[in-house]
Amino acid sequence: MCGIVGYIGNQNALPILLKGLEHLEYRGYDSAGVACLNHQKDSLFVIKEKGKLSALKEQLKGIHLLSNAGIGHTRWATHGEPSRANAHPHTDPHNRIALIHNGIIENYSSLKSDLRRKGVRFRSETDTEVAVHMIASFYKKGNLTEAFRKAVEKLHGFFAFVVLSKDEPGQLLAFKRSNPLAIGLGDGENFIASDVTAFLPYTNRVLYLEDDEFAVVTREKVTITSLKTGKVVNRKPSTIRWSISQAQKGGYPHFMLKEIFEQPRVLEETISKRLRKGENIFFDTLSKKIDRKFKKIQKIYLVSCGTAYHAGLVGNYMLGKYVRIPVEATVSSEFRYEDPVIGSKDLVILITQSGETADTLAALRLAKEKKALTLAIVNVVGSTIARDADAMIYTQAGPEIGVASTKAYTAQLETLLLFTLYLARLRKTINADDFSKLLREFKKIPGYAAAVLKQAKAIETCARKHYHRRNFLYLGRGYNFPTALEGALKLKEISYAHAHGYAAGEMKHGPIALIDHEQPVICIAPESKTYDKMISNIEEIRAREGIVIAIGTEKDKNLMSLADDFFSIPKTHEVFSSILTVLVLQLFAYKVAVLNGRDVDQPRNLAKSVTVE
Ligand code: AGP
């Protein structure tokens, strides 16, 4: 977590840093701060504030600072509460060196004790402050790069740093281990950031730092050096194809709402890019060699976190049904520590929007260590997981800013389904007829998604009836059991109401005790092979006076008669249903959160990209 940004060039740094931080606030918003070179006073100007970036901007009102180099930070607290003292940048006692950090320094405690013994006084409770004091302890005028390298060598953990010093004003220094850092290449100016969105208004030419690499960034030049070999690394810049306007709100009150309504287009684009002559599925990032390996695998693991884990659960049903191979979906934080029995005959699929989630990245590294074949299904282009996996498929959802994942989820479901059908053709577990039939139906899904979203007004009316309630139960079966989990996650993360997702068949094993006339139960019951079982569950809820909010197939009179509120999806094959039913639940969560006055795009305690364990 945490967003970091740096600028050096011929423009005024402060507005550029603040703009960059606006784009990075999704990574954390417990505090914000900047440090800029104050050329007139030959000093560092440092200002920080607890809370969101808006609080820092308030502090900056009336301050006119001209500076052409600076660094900025937006924090998601790990060590030390959200406060001004714990906000970054952190500086050395003489205010010569300022540092920003994303990650965790695992051995900070012992280093802090050593430094204290040497007389260093700490002004914060953060692990980060250790790093700046370490640099200062090695620093002699003119050797900042060397001091930075020596300090980094002593640190354990995972981090991205950017350092600015008044003594060496012509450069910014950066280092990356595990956490992302991208360098934006401008004309007479250069940028550093956790994510390209921070500098995309200025340049789309990017150099990604790899693990254990240093960068010395001046306004004219970027020099990357490997910590391990000490050699200079020559890397070609990549070009980012999406524009900053894609990452802005486009007239919607929140990014989340914009992203919900973008889904028909995203679904359409994802399918059309993957179909050759409308009849065959292809992935430009998969080689013949990888295809040969796919043919030989004996088991598939789907490994991911949060919403992406729910996509993995849907993938589990899809792959099991059409590829007829053992599949296991698991959360990355369990997978990485359970000593999984995997080897060269296994395929480990990592699903992630950001491509930077710490647990998923660790799972990828473990799978590679154990010689499994790894495939990343990733949204953020050029992210660490996308680059490190053996093979990779981009989900093409475009930038997702709302902390609550919406369009990235349905793009993950769609990509998993395309991959399932691709693999089934490759391994000959589906016949040509069934394949074509499914593809024909697949192409209708974006249009169906648009139809589902037309119920937004009715969903809002339903949300108005229930937004004051503190407990919600979500039930589904088969492909829509993960939808129940995802609907519940959406509601709790943005509205802070308690919501629990359950496999409907499990209701009688405990949750049924919750049902009374005040308990809303969201029942996801489109046409499927377990439809009748869902109807029995709904009858059981009604018999106990529970409030039934149902999502079913259009014109399902039976379900309508059982439900207090009914929302529909068009009639379709059950394998596609979870892409459509979840849209209702995203809108429901959004409306409930707005009615409760929640900060939808930046819910408390969360961050978009979870780069800590
Ligand atoms: C989704 O709404 C969440 N905020 C969260 O669960 C997210 O899906 C999870 O942190 C995984 O992120 P990733 O897809 O970037 O790996």
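With a relative accessible area of 10%, E262 counts as buried (buried is under 20%, exposed over 50% and partly exposed in between, using a 1.4 Å probe and protein chains only). Its salt-bridge partner K258 is buried too, at 9%. Shared partners tie K258, E262, R265, E269 and K407 together into one salt-bridge network.

Before going further, a word on the model: it is predicted, so local features need pLDDT of at least 70 and side-chain atom pairs count only at pLDDT 80 or more, while totals for chains, interfaces and linings use all residues. Residues are numbered from 1 along each chain as its sequence is written, and side-chain values use heavy atoms, with hydrogens and water left out.

**Salt bridges**

Side chains of opposite charge can pair when their charged atoms come close. Here a salt bridge is a side-chain nitrogen of Lys or Arg within 4 Å of a carboxyl oxygen of Asp or Glu, and the structure holds 34 of them. Here are some of them:

| Salt bridge | N to O distance |
|---|---|
| E262 and K258 | 3.2 Å |
| R365 and D211 | 3.1 Å |
| K61 and E58 | 3.2 Å |

The pair of R365 and D211 links distant parts of the chain, 154 residues apart. R365 sits in helix α11 (residues 358-369), while D211 is in the loop between β11 (205-208) and β12 (213-217). R365 is partly exposed at 30% relative accessible area, and D211 is also partly exposed, at 27%. K61, on the other hand, is exposed at 59%.

**How the chain is divided**

The chain splits into domain 1 (3-246), domain 2 (249-443) and domain 3 (455-595), with bounds from an automatic or database domain assignment. Taken over C-alpha atoms, the centres of domains 1 and 2 are 33 Å apart. Twelve residues from domain 1 and twelve residues from domain 2 make up their contact (contact means heavy atoms within 4.5 Å).

Helices (H or I, at least four residues) and strands (E, at least two) are DSSP runs numbered from the N terminus. Two strands pair if DSSP finds at least two bridges between them.

I4 stands opposite H73 in β4.

**The five-stranded sheet**

A second open sheet has five strands in the order β24-β23-β25-β26-β27, this time with parallel pairing. Its edges are β24 (498-503) and β27 (565-569); each has a single partner strand, so one side of each has no neighbour in the sheet. Neighbouring strands are turned by 15° against each other on average, direction ignored.

β23 (residues 471-476) and β24 pair in the parallel sense over six bridges, and F472 has A499 in β24 as its bridge partner. Helix α17 (residues 481-495) packs on this sheet against β23, β24 and β25 (520-525), at about 175° to β24. Helix α18 (residues 531-543) lies across β23, β25 and β26 (547-553), at about 165° to β25.

**The nonpolar cores**

A nonpolar core is a set of buried Ala, Val, Leu, Ile, Met, Phe, Trp, Tyr and Cys residues joined through side-chain atoms within 4.5 Å. The largest has 90 residues, and those with the most contacts inside it are L286, F294, I300, I349, F419, Y474 and F588. Helix α20 (residues 574-595) gives the most to this core, with 14 residues. Domains 2 and 3 both give residues to the core, so it lies between them.

Take Y474: leaving aside neighbours within four places in sequence, its contacts include A484, L491, A499, I522, L585 and F588. Another core, of 30 residues, lies apart from the largest one, and its members include V5, L14, I16 and L53.

How values were computed: Axes fitted to C-alpha atoms, helices over the stretch in contact; angles between N-to-C directions.
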